[in-house]
Amino acid sequence: LIRSASSSRSSSSRFFLSSSSTESCMLSGSHQSTLDRLYAWEKKLYGEVKSGECIRMAYKKKCMQLRSQDVKGEDPNVCDKTRAAIRDLHTQIKVSIHSVEAVAKRIETLRDEELQPQLVELVQGLARMWKVMSACHQAQKRTFDEAKLLLAGTPSKLTSHKLSNMFSSEPHRLAQSAVNLEIELLNWKASFESWVTAQRSYVSALNGYT
């Protein structure tokens, strides 16, 4: 669970951060670097937990083996060897627990001291960005609306004559310019949609992590 959630969050963050270029100007430090280190520590935690579980299983088997040897009245030397193995496994379990706690503490420190401030700064920055972008789009819409009104009006004879000469003299260039503009607008639309999708995926990954 830890590994899959971290992997999803890491891949989403790489795409989002590479497309938005926000981490280079964050006051609270490199967001992607924090996520990479957090992912590395979580992988280590996963390994420690898995290793500890294997040790506990071996400890349980040795305890069952010792009980069986006692019931059967086997040679004391054999039982002593089993007890020694149990003591060794018990020590390994304590070391494993200590390692898990240390790694978990490191993850908590990264989460609370680095990730949380970065997320707050990132969200605040995105809120400001969308506010500015909304104002720009509204200004663009007003400009387009005004242009439509001008184009819809009755042109003067001089303006009509100039437009007629322009379209008749360079029809291919104007047509190609219109095609190029359409292509660029479609590319911009696709890039914008991908960027918005990346932001949504990133937020979903963070929600899944928390």
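Q: Which residue meets the side chain of K189 in a salt bridge, and what is the N to O distance?
A: This is a predicted model: local features need pLDDT of at least 70, side-chain atom pairs count only at pLDDT 80 or more, and totals for chains, interfaces and linings use all residues. Residues are numbered from 1 along each chain as its sequence is written, and side-chain values use heavy atoms, leaving out hydrogens and water. A salt bridge here puts a side-chain nitrogen of Lys or Arg within 4 Å of a carboxyl oxygen of Asp or Glu. K189 meets the side chain of E193, with an N to O distance of 2.7 Å.

Q: How many residues apart are K189 and E193 in helix α5?
A: Helices (DSSP runs of H or I, at least four residues) and strands (runs of E, at least two) are numbered from the N terminus. K189 and E193 lie in helix α5, separated by about one helical turn, because their positions are 4 residues apart.

Q: Is K189 buried, partly exposed or exposed?
A: Buried means under 20% relative accessible area and exposed over 50%, with partly exposed in between (1.4 Å probe, protein chains only). E193, its partner in the salt bridge, has 41% relative accessibility and so counts as partly exposed. K189 has a relative accessibility of 45%, so the residue is partly exposed.

Q: Which helices hold D70 and R83?
A: D70 and R83 form a salt bridge, the closest N and O atoms being 3.6 Å apart. The pair ties together parts that are 13 residues apart in sequence, because D70 lies in helix α2 and R83 in helix α3.

Q: Which residues are linked with D80 in a network of salt bridges?
A: Searching the whole structure gives 8 salt bridges. Side chains of opposite charge can pair when their charged atoms come close. In this network, D80 is linked with D70 and R83.

Q: What is the angle between the planes of W188 and F192?
A: Rings of Phe, Tyr and Trp (its six-membered ring) pair if their centres lie within 6.5 Å; planes under 30 degrees apart count as stacked, over 60 as edge-to-face and the rest as tilted. The rule gives 3 aromatic pairs. W188 and F192 are a stacked pair, with 5.2 Å centre to centre and an angle between the planes of 10°.

Q: Which residues do ring pairs link with W188 and F192 into a cluster?
A: W188 and F192 lie in helix α5 (residues 171-209), 4 residues apart. The cluster formed through ring pairs also takes in W130 and W195.

Q: Which residues is Q69 in contact with, leaving aside its neighbours within four places in sequence?
A: Q69 sits in helix α2 (residues 31-72). Its relative accessible area is 5%, so Q69 is buried. Contact means heavy atoms within 4.5 Å, and with those neighbours left aside Q69 is in contact with E74, V78, C79 and T82.

Q: What percentage of the 210 residues in the protein chain is buried?
A: The protein chain has 5 helices and 0 strands, in the pattern α-α-α-α-α. Of its 210 residues, the buried ones make up 22%.
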